[in-house]
Amino acid sequence: MAVLEYLANGLVFSSIIILASIGLSLVYSIARFANFAHGDTLTVGAYGAFVGFALIGDVGPTVLGLPGGFYIAVAVGAAVAAVVAVVTQRLVYDALEIGAIGLLITSIGVAFVYRALVILGFGTGSLRYAVPAQRPIPALVPIGIRITTQEVAIVVVALVLVVGLHLLLRYTLLGRMMRATADNADLAQVTGIRTAQITRWTWVIGAGLAGVGGVFLGLYNQVEPRMGFNILLVVFAAVILGGIGSVYGAMIGGFLIGMIDQLTPLLGDLGIPIGTEYSYAIAFVIMVLVLLVRPTGIAGGDPG
Amino acid sequence: MSARAARAFATASAAERRVIAVLGVVGLLLIIGLLAGGIGPAYLLYLLGLSGMYILLAVGLNVQWGYAGLINFSVAAFFGLGAYGTAMLTASNTPLGVSLSPLVGLLVGILLAAVVAVLIAVPTLRLRADYLAIASLGLAEVIRIVIQNQRGLTNGNAGLRGLPLFYGEWPLIGGLVDRLPTVLIHEVSLGPVTLLGLRLGRSVWVGTFNLLIATALIAVVYLVVRRLHRSPWGRLLRTIRADEDLARALGKRTYRRKMEAFVLGSVIMAIAGVYYAHLNLFVTPQNLAPINTFYVWVAVILGGAGSNRGAVFGGFMIIAIREGTRFLGDLLPATITVGVDLIDTTYATVAANFAATRLLAVGLLIILVIRLRPEGLLPPEAELIWPAAQEEADG
């Protein structure tokens, strides 16, 4: 059954898209603009982890096919992405007194700067993390699923982070303040919430998750300067499908878009002449259709 | 004429003078480069022709973003439709197996872009501005992916090559480029400096005619859009950009007007694509990459949204940035030896990937212009006023 294989791949790819989507949606919910530099934030995270892993090396026990040092490198990648995002927010976005469209265009400039610096530092070629190569888990091969333990690790870590974010948003003071600020920044400020601080935390969490998504994207495919920008529109598709500005919507949208992307071969199997080379195109068309029919997406109530 | 030019310079604003100064410096550098042999005449003409393409693209985007406030991130797609529209009919390796005149190609390219523009505009123009940005970028990618994969029409990633020159079959000048003689301009030695020593052959004549075509296209397009910009149609578009609800409250059919601006701008982009295809004589799906869209955006933002002159200036500056960074990169030594390993290797990587400084320059330019001068270097001022009205006011 090829379908099981596609679904398994979909689960892995979805995990990456979900991590990226949450960040994009979080930032939108608070900064109120479509951040075109978000894709390149993934790239920054991936390269940050690359450097981190090269410095840390193979330390610690191997968990799910990945050395302990790699998990630390994932954290390093997230931290690098978060720091870069916060610095950008302070230096660039905060200094602008301009509407959402101006911020959107500025974020394209920011994306170019990130990518140019990555290329200047690492070249245009692709890199791979120095983790042991993997074979598909033997127990699953007979039922037609070829998935490595490292890919399982991607899903598990993404799941942990998503659950963690859910707990943070629902049950901590910071989470409540973040939700309040996203809902109505003025009202939040009147009640004594330091919205500037909350905004910064939102950038940290959003970019950090994007950084993790970038590392996993690099682990799943490879690390190269355009990896983030190439996936940005897919992430936008996920966020819009879920409802832009909604974290839970981003999770649903990311899951669906990731699945749809990996299920594209099914069309060919069913005799519909649309090949996998059109998988991104399908996601983009879905995005435009959602914008037309239900711009608020699945979960969104606030059209902004 | 020169008196008028002098008067124009005397009445120019500070911003205009700065722009004239920048253009003067770039022009002077180019002339020095040409005389000193740093840049070949054929390549210089090719670059000027290429900046003609960016100027057309910027003028087209200016109609959409500058006049009507439409965030179109599918510039490269319409450019590509124009380029492929003509290349599929005229290239020597076209899978369609035809060999038509570039003029047919121009018409088909324009038609293709107009139809696709309507198809894209119908759903997306009702969207909020930032959704339009995302949706248009997404649809542009769909077009790029289709062109990349429909090998039966477009030859896929291999691209279409062997296009004829745009004027190749025209009477008189068609065969002229092959018949014009090769002119040698002998070297002149001024003390230690050797100047000139140019060989003006076929490629120079081809470049000259291409540049003439570009100039003619820009002139026609520019006059048309300037006339439209000053017309009631242009005024209405400016109102829509400022406050669409107001325009609608005044009983204006804003959706129709936005649609017209979108299609007009897209057609101008397609003309730029057709021109490029017959300039470069080779097109690939890479020409539709989103980065090309953003180059044109930089041109319009730099020049000033809504400003036709600004768009022309911005289009020219893109080539100046592109070639300037390339020139600097060629000047840099590939390696240096400081003794510190980290610095040496970092330098080597930076020097080897110096092309990325172009991306860096473009990115920083976007940020800095929006931060320091969001209205652009040449915002529309007097150009919205009819010259006759200006003279009346001057007495």
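This is a predicted model: local features need pLDDT of at least 70, side-chain atom pairs count only at pLDDT 80 or more; totals for chains, interfaces and linings use all residues.
Chain B contains 17 helices and four strands. Of its 395 residues, 42% are buried. Among contacts between residues at least 6 apart in the sequence of chain B, 76% join residues that are at least 24 apart.

Helix 13 of chain B covers residues 290-303, and at 1.5 Å a residue its 14 residues should span 20 Å. The C-alpha atoms at its ends are 20 Å apart, which agrees with that expectation. The helix is mostly covered, with twelve of its 14 residues buried.

For helix 13 and helix 16 of chain B, the angle is about 35° and the axes are 10 Å apart. Their crossing is left-handed. Helix 13 of chain B contributes B:Tyr295, B:Val298, B:Ile301 and B:Leu302 to the contact, while helix 16 of chain B contributes B:Val362, B:Leu365, B:Ile366 and B:Val369. By class, the residues of this contact are eight nonpolar, no polar and no charged.

At 1.5 Å a residue, helix 4 of chain B should span 22 Å, and its end C-alpha atoms are 23 Å apart, which agrees.

B:Val221 lies in helix 9 (residues 202-230) of chain B. B:Val221 counts as buried because 21 other C-beta atoms lie within 10 Å, where 20 or more are needed. Leaving aside residues up to four places away in sequence, B:Val221 touches B:Leu56, B:Val59, B:Ile268 and B:Ile271. B:Ile268 is 47 residues from B:Val221 along the chain, yet the C-alpha atoms of the two are separated by 7.5 Å.

In chain A, helix 6 (residues 173-183) and helix 8 (residues 195-220) pack at an angle of about 105°, with their axes 10 Å apart. Helix 6 and helix 8 of chain A are therefore roughly perpendicular to each other, since angles of 65 to 115 degrees fall in that category. On the side of helix 6 of chain A, the contact involves A:Leu174, A:Met177, A:Met178 and A:Thr181. These meet A:Thr195, A:Ile198, A:Thr199, A:Trp201 and A:Thr202 in helix 8 of chain A. The contact of the two helices has five nonpolar, four polar and no charged residues.

The contact between the chains takes 39 residues from chain A and 34 residues from chain B. On the side of chain A, the elements that give two or more residues are helix 4 (100-122), helix 9 (227-242) and helix 12 (279-293). Helix 4 of chain A gives the most, with 18 residues. The side of chain A that touches chain B divides into 31 nonpolar, six polar and two charged residues.

Most residues other than glycine have a negative phi. A:Arg32 has a positive phi near 65° and is not a glycine. A:Arg32 is found in the loop between helix 1 (2-31) and helix 2 (38-56) of chain A. With 15 other C-beta atoms within 10 Å, A:Arg32 is partly exposed. B:Asn155, also not a glycine, has a positive phi of about 70°. B:Asn155 is placed in the loop between helix 7 (151-154) and strand 1 (160-161) of chain B. B:Asn155 is buried, with 23 other C-beta atoms within 10 Å.

Technical notes. Residues are numbered from 1 along each chain as its sequence is written. Chains are lettered from A and ligands numbered from 1 in the order in which they are written. Axes are lines fitted to C-alpha atoms, for helices over the stretch in contact, and angles run from 0 to 180 degrees between N-to-C directions. Angles under 35 degrees count as roughly parallel, over 145 as roughly antiparallel, 65 to 115 as roughly perpendicular and the rest as oblique. Two residues are in contact if their C-beta atoms, placed from the backbone, lie within 7 Å. Ala, Val, Leu, Ile, Met, Phe, Trp, Tyr, Cys and Pro count as nonpolar, Asp, Glu, Lys and Arg as charged, and the others, Gly among them, as polar. The expected span of a helix is 1.5 Å times one less than its number of residues. A crossing is left-handed if the near helix is turned anticlockwise from the far one by less than a right angle, and right-handed if clockwise.
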